[in-house]
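The sequence and structure come next.

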Amino acid sequence: MDNAPNLDERIEQLVTLHEEDVEMLIPMMQDLQTECGYLPAPHLRRLARRLKVSLARVYQVATFYASFRLMPKGEHTVTLCMGTVCYLKGADKIAEALQRELQMKPGETSPDGKFTFAPVNCLGACALAPVMIVDKEYFGHLTPDTAVSILRRIASGEAVAGEERAGGPTSPEPMPKAASNDSRRRPSRPRKTDPASTNDHGTQQAKT
Ligand code: FES
């Protein structure tokens, strides 16, 4: 017999664990994502109702942070650099080609569940610009055509070798979704403001 808590029970446990504190909305959402792999819509609706906050506010948080996913993660993660060097060498055109090919926006998973598209600010491999990582393989000196071709080969199950990374070690810096959703604009640094501290009209609440 399955003793797993149902949705209502699980949300109740989560909210109780965080002492029913609305300010803990982000940690609650992080817990949910760790558990489910993404943020399912019924869970977000139930969480909003339980905390007595608007669903719009919950989605505002979920869509602001690139680390939150509203869809299950794909089989492969495509991390495309939109940093300055890559951008100047055509990363925006590559992003457009990938979005057309995979029918998804930044942060989304392709309809066939194969790829999740995650633009970032700099991969620390500028000598390979423009560059993307698929899972752990680096692919440099890309054009829109070569990037699409690499993903087609991976989707067909072909083992595609990347290249040695030329930069120093670094972690990809996720872009806020507000910037990454429009690949035609120059990317900006992540905002410091926390949308959880804004009210339902999107304006900042004074901290007391
Ligand atoms: S700007 Fe793309 S790797 Fe540095």
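## Contacts and overall make-up

Of the contacts between residues at least 6 apart in sequence, 65% join residues at least 24 apart. The model is predicted. Buried residues account for 30% of the 208 residues in the protein.

The protein contains eight helices and four strands. Read from the N terminus, the elements follow the order α-α-α-α-β-α-α-β-β-β-α-α.

## The sheet

The four strands make an open sheet, ordered β2-β1-β3-β4, with mixed pairing. At its edges are β2 and β4 (residues 137-139), each of which pairs on one side only. Direction ignored, neighbouring strands of the sheet are turned by 25 degrees against each other on average.

β1 and β2 run parallel and are joined by three bridges. Within this pair, threonine 77 stands opposite threonine 116 of β2. Helix α6 lies across β1 and β2, and its direction is at about 155 degrees to β1. Helix α7 also packs on the sheet, where it touches β1, β2, β3 and β4. The direction of α7 makes about 5 degrees with that of β3.

## Helix α6

Helix α6 covers residues 91-102.

The buried residues of α6 are Ala91, Asp92, Ile94, Ala95, Ala97, Leu98 and Leu102. They pack against β1 (76-80), α5 (84-88), β2 (115-117) and α7 (144-155). Just after the helix comes glutamine 103, with a positive phi of about 55 degrees.

## Nonpolar cores

In soluble globular proteins, nonpolar side chains tend to be buried together. The largest nonpolar core of this model has 29 residues. Leu80, Cys81, Leu98, Val131 and Met132 have the most contacts inside this core. At least two of its residues come from each of β1, α5, α6, β2, β3 (132-134) and α7. The largest share, six residues, is supplied by α6. There is also a second, separate core of ten residues, which includes Met28, Leu32, Leu39 and Ala62.

Which residues does methionine 132 contact, leaving aside its neighbours within four places in sequence? The partners are Val78, Thr79, Leu80, Cys81, Phe139, Leu142 and Ala147.

## Tyrosine 38

Tyrosine 38 is found in the loop between α2 (25-36) and α3 (41-51). Is this residue exposed, partly exposed or buried? Tyrosine 38 has 18 other C-beta atoms within 10 Å, so it is partly exposed. The count falls between the limits of 12 or fewer for exposed and 20 or more for buried.

Leaving aside neighbours within four places in sequence, tyrosine 38 is in contact with Gln33, Arg69, Leu70, Met71, Pro72 and Lys73. Methionine 71 is 33 residues away along the chain, yet the C-alpha atoms of tyrosine 38 and methionine 71 are separated by 5.8 Å.

## Backbone features in the loops

A cis peptide bond, with omega of about -10 degrees, joins alanine 129 and proline 130. Proline 130 sits in the loop between β2 and β3.

Aspartate 135, in the loop between β3 and β4, is not a glycine but has a positive phi of about 55 degrees. With 11 other C-beta atoms within 10 Å, aspartate 135 is exposed. Histidine 141 belongs to the loop between β4 and α7. Its phi is also positive, near 50 degrees, in a residue other than glycine. Histidine 141 has 12 other C-beta atoms within 10 Å and is therefore exposed.

Methods: Residues numbered from 1 in each chain as written. Predicted model: local features only at pLDDT ≥ 70, side-chain atom pairs only at ≥ 80, totals over all residues. Expected span 1.5 Å × (residues − 1). Contact = placed C-beta atoms within 7 Å. Core = buried A, V, L, I, M, F, W, Y, C linked by C-beta atoms within 7 Å. Pairing = 2+ DSSP bridges. Axes fitted to C-alpha atoms, helices over the stretch in contact; angles between N-to-C directions.
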